[in-house]
Amino acid sequence: MKRVAVPAVVIVAAAALVGLLVYGLVAKSDNRTIDDTVARGGTVAAPSLALPLLGETARRSPADFKGRVVVLNFWASWCEPCRAETPLLERLQRRIRARGGVVLGVNYRDTTPDASAFARQYGVSYPSLRDVDGELAREYGTRALPETFVIDRQGRITAVSRGTVNAKFLDRSVLPLL
Amino acid sequence: MRPLTLIALLLVVLAAPAAAVAQAAPRASLPDIEDEVMCPVCGTPLNTAESPQASRERAFIRDLIAKGATKEQIKAALVDEFGTAVLALPDEGEGVGAAAYLVPIGLVAGLAVLLAFALPRWRRRRPAPSAPAAAPLSAADRTRVDEELARFDR
């Protein structure tokens, strides 16, 4: 019995360490639930988290915009493709604002001065949340910028763009919801 | 001299060394900070990161250094901007991050318990019988050995 005890403890400890490594890998793997569901034509409840607004002390969450069509766009000042799509999103904001829609930016892993300067440079009029810890990005399975999620009036994700958006995507996925 | 004036003078004298120490605190520098923080987007320490995000983070640190911020103030500002992930430390209280703290503690505790049980047993064990001492040489063998050694000396 005693001869079995020590190897058993070693085996259990080794198994626990291997289990921990596997858990670490699984926990860090991409969350594809949103993409898979939307690709099948389904909808997913939009994750929400109260975050500080860029340049303000107030906190808002995507859920605060329930009842409106939300175009949730993850961006950063260091993201080159974001420069290309920001004017398009600003035009969309002006177009949908009066029809119950809103573009909501989520500034990801950026410094406040850089993000504010970017917003000024591109004349961004829509609000942006500061995802300081990248927690909201994790909820949306965001790994690279830019990414855009269209959320209907019931707070459900109906369309996903992992990459730069274009006018065709926005027209097709946003306008029918207004 | 009035007592209040005396107390004020004493306070000034006592506070002078503290002020001198504060002034002598080393100025924050980029190399000193960038090896202790992460580039959160790159997932690597800032001193090894070469991405545009890392360049912006360095610019942010340089700006704070220019404004006279201390190392701790700069680290706090980085946490405000990028969250705790910017510090090159495992996340406390979160799955794998917590394991980075708990596993070494568990291993040391396990080893201590193992030694606590094993050491008394090892001590109680009787020592193995020692090998029998070699038999003394006979007079004839001793003479032969002496002769052989003498031949080597020649």
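The sheet in chain A is open and has 6 strands in the order S1-S8-S7-S4-S5-S6, with mixed pairing. Strands here are DSSP runs of E with at least two residues, helices are runs of H or I with at least four, and both are numbered from the N terminus; two strands pair if DSSP finds at least two bridges between them. Strand S1 (44–45) and S6 of chain A are the edge strands, each with a single partner strand, so one side of each has no neighbour in the sheet.

Before I continue, this is a predicted model: local features need pLDDT of at least 70, side-chain atom pairs count only at pLDDT 80 or more, and totals for chains, interfaces and linings use all residues. Residues are numbered from 1 along each chain as its sequence is written, while chains are lettered from A and ligands numbered from 1 in the order in which they are written.

Let me turn to the pairings. S7(A) and S8(A) are antiparallel over 5 bridges, and Phe149(A) has Val160(A) in S8(A) as its bridge partner. Strand S5 (residues 101–108) of chain A and S6(A), by contrast, pair in the parallel sense over 4 bridges. Between these two the chain passes through helix H4 (residues 112–121) of chain A, and the β-α-β crossover is right-handed; that is, with the strands pointing away from the viewer, the path from the first strand over the helix to the second runs clockwise.

In S6(A), Ser128(A) and Arg130(A) point one way, Leu129(A) and Asp131(A) the other, and all are buried. A residue counts as buried with 20 or more other C-beta atoms within 10 Å of its own, as exposed with 12 or fewer, and as partly exposed in between, the C-beta atoms being placed from the backbone. In a regular strand, side chains alternate between the two faces of the sheet.

Which residues of H4(A) are buried? They are Ala115(A), Phe118(A) and Ala119(A). Seen down the helix axis, they fall within an arc of 95°, so they line one face of H4(A); the arc is taken over the directions from the axis to the C-beta atoms. These residues pack against S5 and S6 of chain A, whereas Ala117(A), Arg120(A) and Gln121(A) are exposed on the face turned away. Gly123(A), with a positive phi near 60°, follows the helix.

Contact means C-beta atoms, placed from the backbone, within 7 Å. Beyond four places in sequence, the contacts of Val71(A) include Leu89(A), Val103(A), Thr148(A) and Val174(A).

Finally, chain B, which has 6 helices and 2 strands. Of its 154 residues, 12% count as buried. Helix H4 (residues 71–82) of chain B buries Ile74(B), Leu78(B), Glu81(B) and Phe82(B). Viewed down the axis of H4(B), these fall within an arc of 75°, so they line one face. Their cover includes H4 of chain A, together with helix H2 (30–34) and helix H3 (52–66) of chain B. On the other side of H4(B), Glu72(B) and Ala76(B) are exposed. Gly83(B), whose phi is positive, near 80°, follows H4(B).

Terms used:
Two residues are in contact if their C-beta atoms, placed from the backbone, lie within 7 Å.
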